[in-house]
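Colleague: Can you walk me through this one? I would like to go through it piece by piece.

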Amino acid sequence: MRRGARSGLVVLAAMLGLTASSCGNGVIDKSTDGVPPAEATGTLRVLLPSFPPSTKGREEFDKVVADFQKTYPKMKVEPDFATYNNLNEKMSTSIAAGIPYDVMVTGVGWIQPFASKRIFADLAAYGVTPEVIKEKSVAALIEPATYDGKLYGYPLVADARAVALRKSAFREAGLDPDKPPTSLAEIKVAAEKLTERDEGGSITRSGFDLASATGFRQSFTTFLASTGTPLYVNGGPNFSNQKGLETLEWIKSMINNVQPYGQQNAAQQPLVLTGEAAMGIVGGAVDCSDKGIGQKNCDDLKFFRFDSGQEIEYVGGDLASIGSRSRHKDAAWAFIQSLTVPTTLDAIAKLNKKLPAYKDAGNSPQAKSNPLSKFVADGLVYAVNENSPPTNWLEMRGNFDIQLTQAVLGQKDPAKVLANLAGQSR
Amino acid sequence: MSATLEHPTKTAAAPRGAAPVKESRELIRSQVRAGWILLSPALLHSGIFIVIPVLAVLVLSLTDYSFGDSWSWVGLGNYADLFRDVDFQASLVNTVLYAVVVIPISMAIALAVAVGLNQKIKGLGFFRTAFYIPTVTATVAIATIWLWIYNPGSGLANGFLSLFGFAPNRWLADPATALPSLMVVGIWQGLGTKIIIYLAALQGVSRDLLESADLDGASRWQKFVNVTLPALSPVQFFVLITSIVGTFQVFDLVYVMTRGGPGTETRVLVLDIYQNAFQDLKLGYASAETVIMMIVIALFIGAGRLLQKADVND
């Protein structure tokens, strides 16, 4: 038994040793910064929602890797094709696990919180500043990529939104499709005329699609901006005021009046493109081929922009950053350079129905490929977004979605909701 | 363990003197050592995967750690903030409500079904398998199917109700019906495990007692209430405890079906913790919330124990 006990203790010690050694950082590469690119070895971990998990998406990504490996032939690239829904959890768990990503592609509103936590690196080390990027990129994405006067994200693609109407539905309702309603008040009047119901009173065709099935944050930002009121100014809230209240009350008056709450189709496509709504918010591209909605449907669409005092177009986008804890910062920058080759940006834009974020996006192949992309590319000069969100924006995104919904559904007083959200913005 | 080990010491020591006592003590020591060695893998596992994380959560709950480079001690600040946080309050209320409704209803249905499956009926194997399928099916798959059932336009639920002339309901999109709709799925999904446990326990109910009750002229209901139910008491407690823990940890169902909405109508504690930790990056705050959740679960289990004791004393 004694011998057995000793053997057991030895086994136990071995297990402890094994456990301790597995807790070490064996998976972390040695730093390649300063090493000649041709000699650098290791794995570059990239997190990006810019390539859909389709065969075409993988092929385009492989081209980027091939271009990168012309400079860094011995380095591997480990992609994580995230979505915007799980981007934060991927980033936070990678940091907690001690294996942060080297390249992270995020969106508008991510830069300020992550830069303030020093999770993203200042791109000035690679000669990219807000002044330099101004000459190369879409102007609308420079402010969202900047924190404290420094650039932390390199714009890849712009995600612009417009409004579309169905000409046939307008004519049936006695409205002139050549004079689209642009102010919030006009849109409400038209939407009520365009809404169709069954005998029981249930909406069978929405008059206006607010594109808010998962939350009202972006639509509130858009409608508010159309009144000439940006959501945030210099990091401070600018919505707990008369304009903000009117905008929220307007959304409340639209939901379950011209569109049922939570309406979306299985493909999560804009409802006006499928005819489920007579008018509504659309993304940055439409496929007019037979594989898409077809030329006949396309011809029935007319695009316009919100204007309740200021003509605007909501513009988000993908921004590439380098992880501040990366051990391959030089390689990460080389990868971003491969990612921002114009032909690659064109491919990403096409894959995601967005616009390439280079300066002359209006002349890009994507803008020339369909009428909606052409329209939103021309409208980039009217771009708005959250403007300068606070450093706790990631927390506020969820707060906006929840509390605006509560106000719209009549569970909370709209004025109190806006005051509360303003108080929570830090 | 001590009772069985002490016994040979007393019996062996008395007649034979000092040497046998020494041998006996040595035997006990070696048995104790063997016990610890056999126990050590489980202890190691518990230490690494339970004790260390719990301690880490306790420490993190006193900080403002948010995955960045810097953090600071905030004392009980996170706890104070939690009790002012309306999302946390809604999550706590929804979770307790979910547990209070789902646990007793699912236990009652599971017991009734188990009693049915304990009879000699045709197709017993099929029914047992059918009731257990939801338990072994991935929650994400279940949630996706129920999303279709609850679809306001083309879902089975509205289709069924329309046969009786009822107007379509917006189930998960309506604040009044969203949480009850999730409760129905929760009850249905949790039946399988409970049924299997009850079924095993029912087969262990003393035949002698049941036959005695028959001889005394007891009805089926009287036999169930006075013989079967008391015999199931320890199992009831086990099912209650596992149900409390399970319902308080509900997450995947809510995440897939509603993401806590509309508003905070279906927001539950684990979803709120997940949101705070991995979406809002407030790990310190989420840790404080986890500690509160552990305390609430402990209180519920304590209440369950008190009920069990009262039941036994009765």
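Colleague: Let's start with one residue. Is S240(A) buried, partly exposed or exposed?

Modeller: This is a predicted model, so keep that in mind throughout. S240(A) counts as partly exposed, because its relative accessibility is 40% and that class lies between 20% and 50%.

Colleague: Where does S240(A) sit in chain A?

Modeller: S240(A) is in a loop of chain A, between β11 (236-237) and α9 (242-254).

Colleague: Which residues does S240(A) touch, leaving out those up to four places away in sequence?

Modeller: With those left out, S240(A) touches L418(A), A419(A) and A422(A).

Colleague: And how many Å apart are S240(A) and G362(A) in space?

Modeller: Their C-alpha atoms are 36 Å apart, and in sequence the two residues are separated by 122 residues.

Colleague: Another loop, then. Where is the place of T340(A)?

Modeller: T340(A) lies in the loop of chain A that runs between α12 (329-339) and α13 (342-352).

Colleague: Buried or exposed, that T340(A)?

Modeller: T340(A) counts as buried, because its relative accessibility is 16% and the cut-off for buried is under 20%.

Colleague: What does the side chain of T340(A) reach?

Modeller: The T340(A) side chain reaches the backbone oxygen of I336(A), at 2.8 Å. Not counting residues up to four places away in sequence, T340(A) also touches Y154(A), P155(A), L156(A) and L345(A).

Colleague: Changing topic to charges. How many salt bridges does a search of the whole structure find?

Modeller: Over all chains, the search finds 20 salt bridges. As background, side chains of opposite charge can pair when their charged atoms come close.

Colleague: Which residue meets R305(A) in a salt bridge?

Modeller: One partner is E311(A), with 3.1 Å from N to O. E313(A) also forms a salt bridge with R305(A), and there the closest N and O atoms are 3.1 Å apart.

Colleague: Are those residues buried or exposed?

Modeller: E313(A) and R305(A) are both buried. For R305(A) the relative accessible area is 11%. E311(A) counts as partly exposed, because its relative accessibility is 29%.

Colleague: What about E395(A), which side chain in chain A does it meet in a salt bridge?

Modeller: E395(A) meets R426(A), at 3.6 Å from N to O. This pair links distant parts of the chain, 31 residues apart: E395(A) is in helix α16 (residues 393-408) of chain A, while R426(A) is in the segment after α17 (414-424) of chain A.

Colleague: Why is E395(A) classed as buried?

Modeller: Because its relative accessible area is 10%, which is under the 20% cut-off. R426(A), on the other hand, is exposed, with a relative accessible area of 55%. Elsewhere, salt bridges that share partners join K56(A), E60(A) and K63(A) into one network.

Colleague: On to the interface. How many salt bridges does the rule find across the interface of chain B and chain A?

Modeller: The rule finds one. In that salt bridge E395(A) pairs with K282(B), and the closest N and O atoms are 3.1 Å apart.

Colleague: Which elements give two or more residues to the chain B side?

Modeller: They are α2 (18-60), α4 (86-117) and α13 (269-279) of chain B. The most comes from α2(B), which gives eight residues. By class, the side of chain B that touches chain A has 15 nonpolar, eight polar and 10 charged residues.

Colleague: And how many residues does the contact take from each chain?

Modeller: The contact takes 33 residues from chain B and 32 residues from chain A. Between them the two chains bury about 2,800 Å², with 57% of it on carbon and sulfur atoms.

Colleague: Last topic, chain B itself. How many helices and strands are there?

Modeller: Chain B has 14 helices and zero strands. Its radius of gyration is 26 Å, well over the 20 Å that the globule rule gives for 314 residues, so chain B is more spread out than a compact globule.

Colleague: What box do its C-alpha atoms fill?

Modeller: Taken along the principal axes, the box for chain B is roughly 90 × 70 × 35 Å. Of the 314 residues in chain B, 40% are buried.

Definitions and conventions: Residues numbered from 1 in each chain as written. Chains lettered and ligands numbered in written order. Predicted model: local features only at pLDDT ≥ 70, side-chain atom pairs only at ≥ 80, totals over all residues. Heavy atoms only, no water. Contact = heavy atoms within 4.5 Å. Buried area = accessible area lost by both parts, 1.4 Å probe. Salt bridge = Lys/Arg side-chain N within 4 Å of Asp/Glu carboxyl O. Helix = DSSP H or I, 4+ residues; strand = E, 2+ residues; numbered from the N terminus. Nonpolar A, V, L, I, M, F, W, Y, C, P; charged D, E, K, R; others polar. Buried < 20%, exposed > 50% of the residue type's maximum accessible area, 1.4 Å probe, protein only. Polar contact = N/O pair within 3.5 Å; in protein donor to acceptor, adjacent residues only side chain to side chain. Rg over C-alpha atoms; globule rule 2.2 N^0.38 Å.
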